[in-house]
Amino acid sequence: MSPTPVIAIFDVGKTNKKIFLFDEQYKIVYDETHQIEETKDEDNFACEDVDALTKWVKSSFEKLLNNKNFRIKAVNFSGYGASFVYLDKSGKVIAPLYNYLKPYPPVLQQKFYTDYGGESIVAKQTASPILGSLNSGMQLYRLKYDKPEVFALIKYALHLPQYLSYVICSAVNSDITSIGCHTNLWDFQKNTYHRWVEQEGILSKLAPLKKSTEVAGYIENTIPVGVGLHDSSAALIPYLHSFSGPFILLSTGTWCISLNPFNHSPLTDHELQHDCLCYLSYEGKPVKASRLFAGYEHEQQVKRLSAHFNKSMEYYKKVKPDLELIKNISAYNISLKETRNENIARQSSLINMDLNEFRNYEEAYHQLILNLIVEQVQSLNLVLRETAVKQIFVDGGFSENPLYMQLLAQACSEAKIYSASVAQASALGAALAFQKHWDSQPFSSTTINLQLINRS
């Protein structure tokens, strides 16, 4: 039996590191998930263990190359953003892969925005809210002033997806989806790097930009390797290939990101202040988006509920939607039109609530999801305005949560809510972006199986 022709996709999240093989019909024929324990940077702040990650990528790929069941025709990558890997002139990794949650020095941040026109102006130019280390360009700015000796050693700063590509094919490149995701590096008004990037000596440390659809390099001069994409932008690609009408993709994971490729209005101060931003698609087009740290909050609160009610960490998966319970605990109006009060989101977390007020795990979990939906609807509102969106596709972890989907459908009464059964949209998107280099067959929209959520 001849080996199956496939594309290998490394899909690297903060928690799970995955590798998939897609056949020419874009069906997953192999998958592997791996977790890597975090290490600490020089300030004892948790961060990705880039050495362990590199070893896993190399060993996993070598194993697949030797697997006689498959013939790897191409390789590409998707990965989380706001994270740089730094290489010296010999190609060796220097400095940690700093965590984007690491607090940013307030004095240095103030200096940056003062020097370049103020927070409002820079945020509008770069389509980036003021996010500290989550603005990955600010990590380079910090190194320049806080660790000039390290900054001087940097030959190339590669965003994580492009570093993964470098690990496989030794080519250094930058990609527009990584450069254009709340980095402070890209001037959306001028469609080029922001002026501070060159003035601060950052531009010379960024690898040349390649299109997301181009070949970064080759393995043994035969297997083309992609540049890699930011995972949120990659997750949008299968939907852009499949649906032409206005829609929003709600990509759920550690971050829940609402992506509206049909909203072209300029970012306002209000939107920027509430974590709204623009991404650049793999085609280099702006995509208005809003972000919510809901997956992380869900994870933390589930730990708390499990400990309090003496249940397993997976117990929440057994909780079924209870409509009567929802009516009893619902304290908020969560319609799309009327959820406007930003104070609601600040009040909705369970962090400071007394869990003794709840009779059981089920009641507390219903309240948690209801609270997250209030926040999610507010986040959706930021990108829904002035568009005719009637469909919201939910992929990722929350798409498989019946209670979350039921409450979201009830809240979004003016749009149809679909659960996307393709939970690996980022990996599929990375495969599709590289389609012309390995697969001549057209992509079928039936690869994405959608389930309409009933509101009753």
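**View 1. Helix α4 lies across strands β7 and β9 in this predicted model.** Helix α4 covers residues 136–146 and runs at about 40° to β7. Contact here means heavy atoms within 4.5 Å. Axes are lines fitted to C-alpha atoms, for helices over the stretch in contact, and angles run from 0 to 180 degrees between N-to-C directions. Helices (H or I, at least four residues) and strands (E, at least two) are DSSP runs, numbered from the N terminus. Residues are numbered from 1 along each chain as its sequence is written, and side-chain values use heavy atoms, with hydrogens and water left out. Because the model is predicted, local features need pLDDT of at least 70 and side-chain atom pairs count only at pLDDT 80 or more, while totals for chains, interfaces and linings use all residues.

**View 2. An open antiparallel sheet has the strand order β8-β7-β9.** β8 (93–94) and β9 (156–159) each have a single partner strand, so one side of each is left without a neighbour in the sheet. Two strands pair if DSSP finds at least two bridges between them. Strand β7 (residues 84–87) pairs with β8 over two bridges, and L87 has V93 of β8 as its bridge partner.

**View 3. Residues N16, T252, G253, T254 and G397 lie nearest the centre of the largest pocket.** A pocket is an open set of points on a 1 Å grid over the protein atoms alone, where a 1.4 Å probe fits, with protein on both sides within 12 Å along at least five of seven lines; lining residues have an atom within 4 Å of a point. The lining has 49 residues, and α11 gives the most, with six.
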